[in-house]
Amino acid sequence: MHTARRTRLPPEALAPGVLARTLHAATTNTPLRPGEPLRARLVEFGAGSSWAGPAPDVHREWLVLDGAVRLGDETLQTRDYHVAPSGSAAHRIASEGGALVFLRESAVPARSDDALAEYQRRQHQFDLERQK
């Protein structure tokens, strides 16, 4: 288990006016635990700032906590969620008025239909067990 306090995390400049605070980073040379992200960050965009974004070779999940950002052709506002599977195009992220965004980066491989069906079967079984 891990708790991170935003005020205690050192900022990392990603671009002019864009700061990241890493909430979690996977340990190198250690296998990932099931569901563990490679990295989870808070990304703070100052008014009028932009960033090229993370590498497209990872699964990226964005949740806008405050403000609004433009992600490619999409405008995301407070509480909007966007997922970009690994291998999908990377987009520049910009904010006119400033924003706070949660970014989760994972090593999620593409699944075959069989793997997805197996996942859904196991999830259904888990849900049934919890209802007991």
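## Nonpolar cores

The largest nonpolar core of this predicted model has 14 residues, and those with the most contacts inside it are F45, W51, W62, V69, I93 and V101. A nonpolar core is here a set of buried Ala, Val, Leu, Ile, Met, Phe, Trp, Tyr and Cys residues joined through side-chain atoms within 4.5 Å, where buried means under 20% relative accessible area, exposed means over 50%, and partly exposed lies in between (1.4 Å probe, protein chains only). The elements that give two or more residues to this core are β3, β5 and β9, and the largest share, four residues, comes from β5. In soluble globular proteins, nonpolar side chains tend to be buried together.

Which residues does I93 touch, not counting residues up to four places away in sequence? With contact taken as heavy atoms within 4.5 Å, the partners of I93 are F45, S49, S50, W51, A52, G53, W62, V69, R70 and L71. A second, separate core of five residues includes L9, L23, L42 and L100.

## The aromatic pair

The count of aromatic pairs comes to one, under a rule by which rings of Phe, Tyr and Trp (its six-membered ring) pair if their centres lie within 6.5 Å, with planes under 30 degrees apart counted as stacked, over 60 as edge-to-face and the rest as tilted. The rings of W51 and W62 have their centres 6.4 Å apart and their planes at 70 degrees, so the pair is edge-to-face. W51 lies in strand β4 (residues 49-51) and W62 in strand β5, so this pair ties together parts that are 11 residues apart in sequence. Both W51 and W62 are buried.

## Salt bridges between strands

A search of the whole structure finds four salt bridges, each defined as a side-chain nitrogen of Lys or Arg within 4 Å of a carboxyl oxygen of Asp or Glu. One of them joins the side chains of E105 and R39, at 3.0 Å from N to O; because E105 lies in strand β9 (residues 99-106) and R39 in strand β3 (residues 39-45), the pair ties together parts that are 66 residues apart in sequence. E105 also forms a salt bridge with R41, the closest N and O atoms being 3.2 Å apart, and since R41 likewise lies in strand β3, this pair ties together parts that are 64 residues apart in sequence.

Another salt bridge links R104 with E61, the closest N and O atoms being 3.4 Å apart, and it connects distant parts of the chain, with R104 in strand β9 and E61 in strand β5 (residues 59-71), 43 residues apart. R104 counts as partly exposed at 22% relative accessibility, while E61, at 18%, counts as buried.

## Surroundings of S106

S106 has its place in strand β9 and is buried, with a relative accessible area of 2%. A polar contact of 2.7 Å joins the side chains of S106 and R104; such a contact is a pair of N or O atoms within 3.5 Å, and within protein one must be able to donate a hydrogen and the other to accept it, while residues adjacent in sequence count only if both atoms are side-chain atoms. Leaving aside residues up to four places away in sequence, S106 touches P37, L38, V58 and H59.

## Strand pairing and overall layout

β5 and strand β6 (residues 74-77) pair in the antiparallel sense over four bridges, where two strands pair if DSSP finds at least two bridges between them. The bridge partner of R70 in β6 is T75. In the hairpin of β5 and β6, which has two residues between the strands, G72 takes a positive phi near 65 degrees.

The chain comes to one helix and nine strands, and from the N terminus on its elements run β-β-β-β-β-β-β-β-β-α; helices (H or I, at least four residues) and strands (E, at least two) are DSSP runs, numbered from the N terminus. Of the 132 residues, 29% count as buried. Residues 24 or more positions apart account for 61% of the contacts in the chain with a separation of 6 or more.

## Basis of the values

In this predicted model, local features need pLDDT of at least 70 and side-chain atom pairs count only at pLDDT 80 or more, whereas totals for chains, interfaces and linings use all residues. Residues are numbered from 1 along each chain as its sequence is written, and side-chain values use heavy atoms, with hydrogens and water left out.
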